[in-house]
Amino acid sequence: MSVSGLFEPLPLIHGKPMRNRFMLAPLTNQQSEYDGSASKYDIDWMEQVARGGYALAQTAATFVEPSGIAFERQLGIYSDDLLPGLTDMADALREGDTLSAVQLHHAGHRARPELGGHPSPASGYTVPGYRALTTEEVQRIRDSFIEAAERAERAGFDGIAAHGAFGWILSEFMSPLLNDRTDQYGGSPENRARLTLEVLEGIRRECGPDFQIGWRLSVERYGLQLEELVEITADILDRELIDYLDLALWESKQIVQEGRYCGKTMVSVFAELPRKRVALGVAGKIYTAERAGQLLDEGADFILVARAGILQRDFPLQVQANHAYERVRTPVPAQHLRNGGLSERFINHMRGWPAFVQRGSL
Ligand SMILES: Cc1cc2nc3c(=O)[nH]c(=O)nc-3n(C[C@H](O)[C@H](O)[C@H](O)COP(=O)(O)O)c2cc1C
């Protein structure tokens with residue numbers, strides 16, 4: 001399939017189809033208010049994205065209960081008080097004919113007490129001074145994910161994406177390194193996957209028939225075991241528990257270095273699993289039209305755009321107009337981002353990413 005395949009529609013199991021193969025990846029940008037309510041900058045960013053040609057856009061990681069906050073000025077969805085701003089964000093995307101999903105997040109053991117969070121580890125040894133969550137506390141956090149999804153639905157979002165990547169709580173529980181529990185949420189791979197499964201099942205049960213569920217999975221670090229994750233994913237796909245899997249790689253060309261899948265591309269490991277009607281998306285250094293098109297050839301159904309989308313708000317439209325499109329080189333002067341419409345808060349967040357904003361540029 002060539003680049004033009006990126007502009008074919010993609011049906012999802014629930015709700016409306018994606019009108020093309022571009023999804024905006026979740027992007028934390030620290031531009032919300034301190035209590036997690038959406039700021040005018042959040043809404044403005046969604047308006048920019050909505051003009052950019054994406055079929056579906058995810059919000060930044062959005063904390064589902066106050067204990068789970070990880071970033072200052074992180075977007076929140078832990079209370080109905082936050083509904084007005086969230087509703088404006090959902091409205092902005094709908095007006096651009098862009099499907100919307102809130103990325104539901106709890107930081108688990110990496111929650112930040114100085115921001116009002118409470119480190120919530122699966123194990124007693126992960127964070128000095130903090131005991132493991134009790135079974136009841138795990139179930140409370142599960143319920144917070146489900147209530148947050150219902151809230152997202154009430155705000156008018158088309159769906160949610162459960163953040164199961166990068167060592168945050170759902171990924172933490174999957175890890176045999178970070179999870180030494182002896183209750184039903186620890187031990188066997190099946191038990192370590194239970195929190196994720198109960199979150200996904202609960203959201204499917206409580207939200208409407210058109211509500212879309214995504215699940216973001218990462219496969220590296222935090223003691224995660226690829227072979228186990230493949231088995232768990234195969235089960236989730238077989239049960240069609242989600243509308244789409246978002247495979248969060250840092251490099252979409254990644255080759256597996258050890259174990260059963262050694263030598264294969266990571267994308268092929270997941271693309272070769274029977275996935276019934278579930279769509280497969282891939283993130284990781286998708287900077288050119290050519291690479292985006294190649295990923296469809298490698299078995300992905302859609303691609304997720306992150307850093308290239310910050311540099312150029314309408315990445316999909318650029319690709320449509322120019323099948324040889326490449327993103328601008330980084331680092332860029334701060335003014336480049338400002339000219340594109342990024343807020344100072346967002347630009348300051350990007351100063352923390354390696355080699356993205358030119359050092360010292362005002
Ligand atoms: C500024 C920034 C913020 C990010 N925030 C999130 C986030 O909130 N949730 C998440 O799952 N991933 C987050 N990521 C990871 C991206 O969604 C994406 O998976 C990763 O950047 C790889 O894609 P890229 O190479 O196209 O940037 C973030 C990445 C960047 C650069």
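1. Helix H2 (residues 83-95) packs against helix H3 (residues 135-155) at an angle of about 60°, and their axes are 8 Å apart. Axes are lines fitted to C-alpha atoms, for helices over the stretch in contact, and angles run from 0 to 180 degrees between N-to-C directions. H2 and H3 are therefore oblique to each other; under 35 degrees counts as roughly parallel, over 145 as roughly antiparallel, 65 to 115 as roughly perpendicular and the rest as oblique.

2. This is a predicted model: local features need pLDDT of at least 70, side-chain atom pairs count only at pLDDT 80 or more, and totals for chains, interfaces and linings use all residues. Residues are numbered from 1 along each chain as its sequence is written. Helices (H or I, at least four residues) and strands (E, at least two) are DSSP runs, numbered from the N terminus.

3. In H2, Leu83, Leu86, Thr87 and Ala90 meet Arg151, Arg154 and Ala155 of H3 (contact: C-beta atoms, placed from the backbone, within 7 Å).

4. Helix H1 (residues 40-50) also packs against H2, at about 15° with axes 8 Å apart. That makes H1 roughly parallel to H2. On the H1 side the contact includes Ile43 and Met46, and on the H2 side Met89 and Leu93.

5. In helix H9 (residues 289-297), Ala289, Ala292 and Leu295 are buried (20 or more other C-beta atoms within 10 Å of the residue's own; exposed is 12 or fewer, partly exposed in between; C-beta atoms are placed from the backbone). Seen down the axis of H9, they fall within an arc of 125°, so they line one face of the helix; the arc is that of the directions from the helix axis to the C-beta atoms.

Conventions: Two residues are in contact if their C-beta atoms, placed from the backbone, lie within 7 Å.
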